[in-house]
Amino acid sequence: MSWLWAIIVGLVLGLIARAVLPGKQHIPLWLTVLCGILGGMLGNGAAGWLGVAHSRGIDWTRHVLQLIGAILVVFVVDLLWNRIRGRRASGARQRM
């Protein structure tokens, strides 16, 4: 059940991160979910490092850190994805 929860949270974080970033991201949905999961893990690690991982009630600081992590991961992965896909497309055009 924890994997299902991680996928759902990763999807939500990834979609919010894509909505916050300006412009259109050209990464597929499955990669958005992975970015959200990685961003959530990054945010949890930062929350633990800052000592705010566990608090009473809703952990707003941890959730904000997870979202910031997801935004950073989506941004970097989108750049890499475009660079990789751009090389493939230009290589295919050169062969023709």
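Mentor: Start with Ile16. Its relative accessibility is 38%. Buried would need under 20%, and exposed over 50%. Ile16 therefore counts as partly exposed. Keep in mind that this is a predicted model.

Ile16 sits in helix α1. It belongs to a nonpolar patch on the surface.

Now turn to the buried side. In soluble globular proteins, nonpolar side chains tend to be buried together. Here, the largest nonpolar core has 10 residues. They are Leu13, Ala17, Leu21, Ile27, Leu31, Cys35, Ala70, Ile71, Val73 and Val74. The most comes from α3, with four residues.

Pick out Ile27 from that core. Set aside its neighbours within four places in sequence. Ile27 is then in contact with Arg18, Thr32, Cys35, Val74, Val77, Asp78 and Trp81. Two of these, Cys35 and Val74, are also named in the core.

Last, look at charge pairs. A search of the whole structure finds one salt bridge. Arg62 forms it with Asp59. Their closest N and O atoms are 3.2 Å apart. Asp59 has 9% relative accessibility, so it counts as buried. Compare Ile16: at 38%, that residue is partly exposed.

How values were computed
Residues numbered from 1 in each chain as written. Predicted model: local features only at pLDDT ≥ 70, side-chain atom pairs only at ≥ 80, totals over all residues. Heavy atoms only, no water. Core = buried A, V, L, I, M, F, W, Y, C linked by side-chain atoms within 4.5 Å. Buried < 20%, exposed > 50% of the residue type's maximum accessible area, 1.4 Å probe, protein only. Helix = DSSP H or I, 4+ residues; strand = E, 2+ residues; numbered from the N terminus. Contact = heavy atoms within 4.5 Å. Patch = residues over 30% accessible without salt bridge, like charges linked within 9 Å, V, L, I, M, F, W, Y side chains within 5 Å. Areas by Shrake-Rupley, 256 points an atom, 1.4 Å probe, with all protein chains shown as cover. Salt bridge = Lys/Arg side-chain N within 4 Å of Asp/Glu carboxyl O.
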